[in-house]
Amino acid sequence: MDLAILQFLSSGITEGARYALAALGFTIIFNASGVINFAQGESIMLGGLISAILVQAGWSLPVAILAAVLCATLASILLQKISLRVLQRSGILTVIVLTVAFGMVVRGTVRAAAGTSTMTLPHFSSAQPLSLMGATILPQTLWVIVTALLVLAILGWFFECSRMGRAFMATASNAITAQLMGINTKMVLLLAFTISGIVGAVAGAVTAPITYTSFDAGVMVGLKAVIGAILGGMGSIPGAVVGGFLLGIAEALTAGYVSSAYKDAVSFLMVVLVFLVRPNGLFGRPAVERV
Amino acid sequence: MASALPPLALAIVAIGFPIVLTNPFFIALANQVFLNAAVAVSLSVLLGTTGQLSLGHAAFVALGAYGSALLAQHGVAVPASILIATILVGLLGWGLARLFLRLAGYYLAIATLGVGLVVAVVLRNEKEITGGIDGLTVEPLALWGADIYSEVVWYYILLAALTLIIAATLTLLKSPAGRALRALHDAETAAIALGVDTLRLKVQVFVYSAALAALMGALYAHYVGFISPNAASFHRSVEFVMMVVIGGIGSIAGAVLGALIITLLPVTLADFEQFETLVAGSILLATLIFLPEGLVRPVKRIWRRRVS
């Protein structure tokens with residue numbers, strides 16, 4: 001393996017971790033409610049940007065990140081409250097548009113309050129690149145990878161083993177039956193948006209030192225998250241993670257070997273290719289209609 | 001009688017507007033409203049009948065614009081170039097719809113989103129063909145041997161185009177196919193049981209919608225004389241969705257009203273640019289929460305009650 005590919009892989013994994021966590025949050029909400037959340041990228045933006053603003057204001061890094069995660073989670077819960085109200089009255093299509101509107105409001109608020117400047121967080125540990133098998137890797141990349149794995153492990157345990165997580169899985173597979181079994185499906189919905197907000201904000205904060213952040217940083221990530229989730233198979237949690245990482249790596253390889261300008265086009269071409277071969281995504285099951 | 005009153009008044013205002021208000025700024029603004037309104041109508045039909053969201057309508061507009069501009073650059077007469085570009089985008093829409101409507105759910109929305117991303121990237125980077133971010137100068141529309149530059153003439157061309165599109169759309173919705181379409185939206189399973197080929201209808205509506213967007217894009221290009229990749233941005237696509245939702249999904253009058261509001265918003269907020277996203281987003285959010293049917297339908301109901 002030549003050195004260049006290691007370099008591309010490391011940047012692909014960093015970007016992929018962001019996509020994967022965003023796609024994960026997106027899938028959790030989709031499973032709980034059937035809503036396609038186009039505001040998913042905003043929790044990533046909030047996580048990174050609020051941390052950066054607070055650190056600049058003199059807060060210590062862990063406290064700033066904690067506060068940012070809290071803000072993003074509150075925003076996500078607010079979206080859930082509004083969505084539930086609109087969902088009961090107007091149906092799913094309206095809620096999908098609602099998430100677009102909510103994203104604009106979040107972006108607009110941040111823009112009005114904090115301006116349009118690009119900000120960054122200090123690296124969590126040293127900013128000095130490490131040498132790994134001849135390629136240079138930022139320590140922050142390791143932070144990103146470890147954090148992503150940690151989040152995935154915690155969520156894996158939560159959904160497989162905890163009582164609440166299993167209630168979630170039951171609701172995702174069949175909401176009405178779950179309700180008849182005595183599961184509080186409204187609570188599950190709230191849980192989905194909370195987890196999604198936390199996961200997104202953590203991803204935003206841990207990647208901010210490398211990717212930088214600004215008020216509109218969430219748009220592209222959010223769209224890529226949707227595409228990553230579809231790539232892996234809509235509704236599949238492992239699929240979302242794999243899809244996100246694949247997307248990040250494919251983009252980095254395209255940027256490295258073909259042209260950095262066409263990196264944004266890769267995601268869609270991948271979706272078309274996967275659709276032609278496996279219409280339900282890499283991990284999707286043929287059961288399609290969700291209401 | 002009473003129901004004919006508002007359209008009649010509207011027609012008089014629309015025709016008289018450039019005669020009374022001769023300021024070219026206002027006429028240019030009105031032209032922008034007509035262009036946006038026609039695209040919003042095309043999107044509203046798609047949303048209102050098939051329930052399918054398009055997040056890439058700006059890309060269809062941009063493809064129509066660039067397509068016609070490039071054809072004209074290579075010697076095709078301008079009215080013909082508009083027609084060819086429209087048909088080509090219609091074909092693209094057909095391919096997309098065939099590929100992504102096989103699955104239930106909102107895959108088509110994602111597909112249109114993807115097309116939007118790809119189109120924007122290509123337009124920005126293929127400098128030799130599209131001029132890149134610097135954009136492209138477009139040849140003017142020539143009718144009966146004369147190049148058309150006048151804002152007022154364009155005002156009437158675009159007004160006519162919008163009127164024709166609205167008329168065609170209303171006719172379509174009232175035809176048997178249109179009734180099947182509405183059945184599709186209200187109760188898809190029932191429509192299938194009654195023998196409606198829902199997939200085929202959905203594909204046709206999507207093609208109609210994409211082609212109309214391309215047509216307006218082509219007209220836009222020859223009217224303004226210049227196009228840039230910004231026309232294809234995700235932001236533009238969201239603006240079209242906003243126009244439809246604010247006016248009321250599926251409502252033709254609503255699409256026009258929504259286009260009016262969203263087009264005038266940046267002009268009224270010119271001095272408060274930093275609040276533009278916030279205000280636009282808040283208007284959309286408030287509409288969805290408090291007026292889920294949009295602005296037009298409640299007003300219509302009140303009007304009918306008044307009259308009767």
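Predicted model: local features only at pLDDT ≥ 70, side-chain atom pairs only at ≥ 80, totals over all residues.
A residue is called buried if 20 or more other C-beta atoms lie within 10 Å of its own, exposed if 12 or fewer do, and partly exposed in between, with the C-beta atoms placed from the backbone. By that rule Tyr212(A), with 15 C-beta neighbours inside 10 Å, counts as partly exposed. Tyr212(A) sits in the loop between helix 8 (185-211) and helix 9 of chain A, and its phi is near 65°, a positive value in a residue other than glycine.

Residues are numbered from 1 along each chain as its sequence is written, and chains are lettered from A and ligands numbered from 1 in the order in which they are written.

Let me turn to chain A as a whole. Chain A has 11 helices and two strands, where helices (H or I, at least four residues) and strands (E, at least two) are DSSP runs numbered from the N terminus, and along the sequence they follow the pattern α-α-α-α-β-β-α-α-α-α-α-α-α. The C-alpha trace of chain A spans about 60 × 50 × 35 Å along its principal axes, and buried residues make up 51% of its 291 residues. Two residues are in contact if their C-beta atoms, placed from the backbone, lie within 7 Å, and among contacts in chain A between residues at least 6 apart in sequence, 75% join residues at least 24 apart.

Where do the two chains meet? The contact takes 36 residues from chain A and 31 residues from chain B. On the side of chain A that touches chain B, helix 3 (61-90), helix 4 (92-114), helix 9 (217-232) and helix 11 (263-277) each supply at least two residues, and helix 4 of chain A gives the most, with 15 residues. The residues on this side of chain A divide into 26 nonpolar, four polar and six charged, where Ala, Val, Leu, Ile, Met, Phe, Trp, Tyr, Cys and Pro count as nonpolar, Asp, Glu, Lys and Arg as charged, and the others, Gly among them, as polar.

Angles under 35 degrees count as roughly parallel, over 145 as roughly antiparallel, 65 to 115 as roughly perpendicular and the rest as oblique. Helix 2 (residues 24-50) and helix 10 of chain B pack at an angle of about 170°, with their axes 9 Å apart, and are therefore roughly antiparallel. Among the residues that meet there are Leu35(B) and Val39(B) in helix 2 and Phe206(B) and Leu212(B) in helix 10, and by class this contact has 14 nonpolar, five polar and one charged residues.

The axes of helix 3 and helix 11 (residues 234-247) of chain B come within 7 Å and cross at roughly 115°, and these two helices are therefore roughly perpendicular. Here His57(B), Ala58(B) and Ala59(B) in helix 3 meet Arg236(B), Ser237(B) and Phe240(B) in helix 11.

Finally, the buried residues of helix 4 of chain B include Val78(B), Ile82(B) and Phe100(B), and what covers the buried residues of this helix includes helix 3 (57-73), helix 5 (107-125), strand 2 (141-143) and helix 10 (198-224) of chain B.

Notes: Axes fitted to C-alpha atoms, helices over the stretch in contact; angles between N-to-C directions.
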